[in-house]
2 protein chains.
Amino acid sequence: MRLLEEKIISEGRVLSDQVLKVDSFLNHQIDPSLMNEIGKEFAARFANDGITKIVTIESSGIAPAVMAGLYLNVPVVFARKRKSLTLTDDLLTASVHSFTKKETNEISVAKKYLSQDDQILVIDDFLAVGQAALGLVEIVQQSGAKVAGIGIVIEKSFQQGAEKLKELGLRVESLARVASLSNGEVQFMNVQVEELV
Amino acid sequence: MRLLEEKIISEGRVLSDQVLKVDSFLNHQIDPSLMNEIGKEFAARFANDGITKIVTIESSGIAPAVMAGLYLNVPVVFARKRKSLTLTDDLLTASVHSFTKKETNEISVAKKYLSQDDQILVIDDFLAVGQAALGLVEIVQQSGAKVAGIGIVIEKSFQQGAEKLKELGLRVESLARVASLSNGEVQFMNVQVEELV
């Protein structure tokens, strides 16, 4: 997605050859117009997949997921990173280790918001080693619902997350695919043909 | 806001005379179409206030804030509830006690996303005793920016948060104002005149 790649080039900060910081438009400050375009793009890519619900994870997944939900006309459920005392319902849970934050969280979704008739689109902001996405997939599968696909805003393609998900037979649609962060520069995977014309 | 009040009546669950649970459309599962209408309504109410940025708090403030940001055409910054190891920038912080979750969090915003020229709209999902909103106001004021107003999705008007904020000279716009949760029923404050015609 050209608009997103341009934003990453102009505002993303490469902190190391592993870490790309995009907290001026996605992870701390949010650009609502860009999120709107991202939502449209996810909706277009999954328009024919019978999506009935989107599952994401707090906090940075919420903005792109809600915009996608608006255009697909489906509800969004966000997994919480620990139990809330007011969430007394039965929960579906998975353990997710964050290498960035060096901590393991239990993520959870209330059982009642997922059913075996659901076709779920999983959305997240980043895909690196795949821990968060795998945790969300695990939760969806516990409910008996089907994972119709995974929508990622920024994929770090030099890490193994996308590959792991595809090995599980899952369709992954990433709007920006970062091939390398070496030498302080963002390099993207293949340029989309339709963006060249 | 009639649409929101109807949603609260049809899907909200009164757990006690203090606790209203709306996790089917706001706090866990999110209704994107409703958030879109909420965003439009906030934008209309603050259309003439020169808003330059919205500040909210993760996680449930993000969806309404991003929709409001879309219609006001301004960025959204969400305060984090604890420091992230990858947020190395200088932070503005405040302490917020949650009576619902029985815990105190440090909330923080990176200094660089607020400036003294900003006119800030603070948005949050709930206003009860006002701890979260007061924490956000404190952070905005630390930056030298001006709080132009506070937009709340659901105000529990029988608690003192709205009053406290108004005593500080702040304008509070709440889209639904709950007068009482007694006897397992949601009663709203005065019906808006324009909704009767």
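**Exercise 1. Determine whether helix α3 (residues 62-72) of chain B is enclosed or open.**

Step 1. Ten of the eleven residues of α3(B) are buried, so the helix is largely enclosed by the rest of the structure; a residue is called buried if 20 or more other C-beta atoms, placed from the backbone, lie within 10 Å of its own, exposed if 12 or fewer, and partly exposed in between. Helices (H or I, at least four residues) and strands (E, at least two) are DSSP runs, numbered from the N terminus.

Step 2. The buried residues are B:I62, B:A63, B:P64, B:A65, B:V66, B:M67, B:A68, B:G69, B:L70 and B:L72, and the helix is followed by B:N73, whose phi is positive, near 60°.

Step 3. In chain A, helix α3 is likewise mostly covered, with ten of its eleven residues buried, and A:N73, just after it, takes a positive phi of about 60°.

A note on the source: this is a predicted model, in which local features need pLDDT of at least 70 and side-chain atom pairs count only at pLDDT 80 or more, while totals for chains, interfaces and linings use all residues. Residues are numbered from 1 along each chain as its sequence is written, and chains are lettered from A and ligands numbered from 1 in the order in which they are written.

**Exercise 2. Describe the side of chain B that touches chain A, and state which element gives the largest share of it.**

Step 1. The contact takes 29 residues from chain B and 29 residues from chain A, where two residues are in contact if their C-beta atoms, placed from the backbone, lie within 7 Å.

Step 2. On the side of chain B, the elements that give two or more residues are β3 (29-30), α2 (32-45), α3 and β5 (76-79), and the largest share, five residues, comes from α3(B).

Step 3. The residues on this side divide into 15 nonpolar, nine polar and five charged; Ala, Val, Leu, Ile, Met, Phe, Trp, Tyr, Cys and Pro count as nonpolar, Asp, Glu, Lys and Arg as charged, and the others, Gly among them, as polar.

**Exercise 3. Work out how chain B is related to chain A.**

Step 1. Chain B can be laid on chain A with an RMSD of 0.0 Å by a turn of 180° and a shift of 0.0 Å along the axis, which is the relation of a two-fold axis; the copies are superposed by least squares on the C-alpha atoms of residues with pLDDT of at least 70 in both.

Step 2. The same surface serves both copies, since 100% of the contact residues of chain B recur in chain A.

Step 3. Of the residues of chain B, B:S59 comes closest to the rotation axis, at 2.7 Å (C-alpha).
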